[in-house]
Amino acid sequence: MSLYDAMFAQYGVKIAQVLVTKPDFYNEETRRNLISTLSELISLNIVPIINTNDAVTPPPQSDEDFPKGKEGKKIIALKDNDSLAAMLAAEVEADLLILMSDVDGIYTCPPSQEGARLIPTFTPEMLDTVKFGKKSKVGTGGMDSKVQAATWALDRGVSVVICNGMQEKAIKTIMSGRRIGTFFTDIAAPGTAPVEVLAENARIGSRILQSLPAEDRAACIRVLADLLISKQSEILEANEKDIAEATKAGTAKPLLSRLSLTPAKLKSLSAGKFLFNDNN
C-alpha cells in the first residue's frame, strides 16, 4: 500500500485500502455496506484499492452454502484476484473490467506453442475452443481463471478486456477505444462471428481487393451483383428488422427512407454494379 500511495501521489490522487472477505459478498447487508463504502470513497475522489483480508478470512466454505447473487444468478467462487475483480465489478455495476496478465490476451493455445493465435474478440461460445496452459508465473490464477471471471462479469452486463499489464499505457489505450488484448462480448448470433470480427475481416478483405488485378476486381463486383438478386429474400428480411429498430430509436423519416430496401432498389443496385463493372 505504501508503494501504491507513492505512485498515485505523483498524480495528486488519494487512495484507500479496503479489505474484504467472502461474507462481504455473500451476505446481503454486508454487500450493501461494501457498495456504500466504495461509492462514498469515489465521491470524495479517493481511489479504493480492494484486497482480500487474508488475516481474518474464514475457513473455505462450499459455494452452494451461500445464497444466489443479483437476479438469482449463481455467485462466482472467490478464489483469486480475477474472481474478486469480477465480483466487485458486478456489485458496483461497473462499465468496464480490465483484467491484466503477463501475455497480450487470450490465445487459441498457450502462446509458447507453435500455431498459437491471439483472439481479439471472445464470446462465451468460444470457451471450448481454447486450450489453456499452466498458471501465470506472476499471479495466483491462470488464464482459464481470468476467462471464467470475465465471462461471469460479462453475463452481468460488465464489458471486459484481458490485456498485457506490462504494455505501456494499456489502460489509457483501452479507454481511448483502441483495440488491445482480448475484448469480451456476448453479441454473436448462432453460427456467426461477432460484429467486431466481421468488421476486421471486411477491412482485411478490402486490402486484398486493392491488390488484385482489374479483371479480378471486376469479377468480384459481378458476384456481388448476382448475390443482391439471389439473396433478395434474406436481404429484405434483415433490412426489415433494421428499419424496425431504427424506427424504435426515433431515426428521422428521410434517413429511414434511404435505409429502406425494396426488390426494385435491389434490382437497381445490381444493375448499377454491372454498369460500373462494364465502365471499368
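**View 1. Lys-146 and Asp-82 are joined by a salt bridge, with 3.4 Å between their closest N and O atoms.** Lys-146 belongs to helix α5 (residues 143-154) and Asp-82 to helix α4 (residues 81-91), so this pair ties together parts that are 64 residues apart in sequence. A salt bridge is taken here as a side-chain nitrogen of Lys or Arg within 4 Å of a carboxyl oxygen of Asp or Glu, and helices (H or I, at least four residues) are DSSP runs numbered from the N terminus. The model is predicted, so that local features need pLDDT of at least 70 and side-chain atom pairs count only at pLDDT 80 or more, while totals for chains, interfaces and linings use all residues. Residues are numbered from 1 along each chain as its sequence is written, and side-chain values use heavy atoms, with hydrogens and water left out. Lys-146 is buried at 7% relative accessibility, and Asp-82 is likewise buried at 7% (buried, under 20% relative accessible area; exposed, over 50%; partly exposed, in between; 1.4 Å probe, protein chains only).

**View 2. Within helix α3 (residues 28-43), Arg-31 and Glu-28 lie three residues apart, about one turn of the helix.** The two residues form a salt bridge whose closest N and O atoms are 3.4 Å apart. Arg-31 is buried, with a relative accessibility of 6%, whereas Glu-28 is partly exposed at 45%.

**View 3. Arg-156 and Asp-155 meet through their side chains in a salt bridge of 3.3 Å, N to O.** Arg-156 is partly exposed at 23% relative accessibility, and Asp-155 is partly exposed at 44%.

View 4. A search of the whole structure finds five salt bridges.

Terms used: Helices (H or I, at least four residues) and strands (E, at least two) are DSSP runs, numbered from the N terminus.
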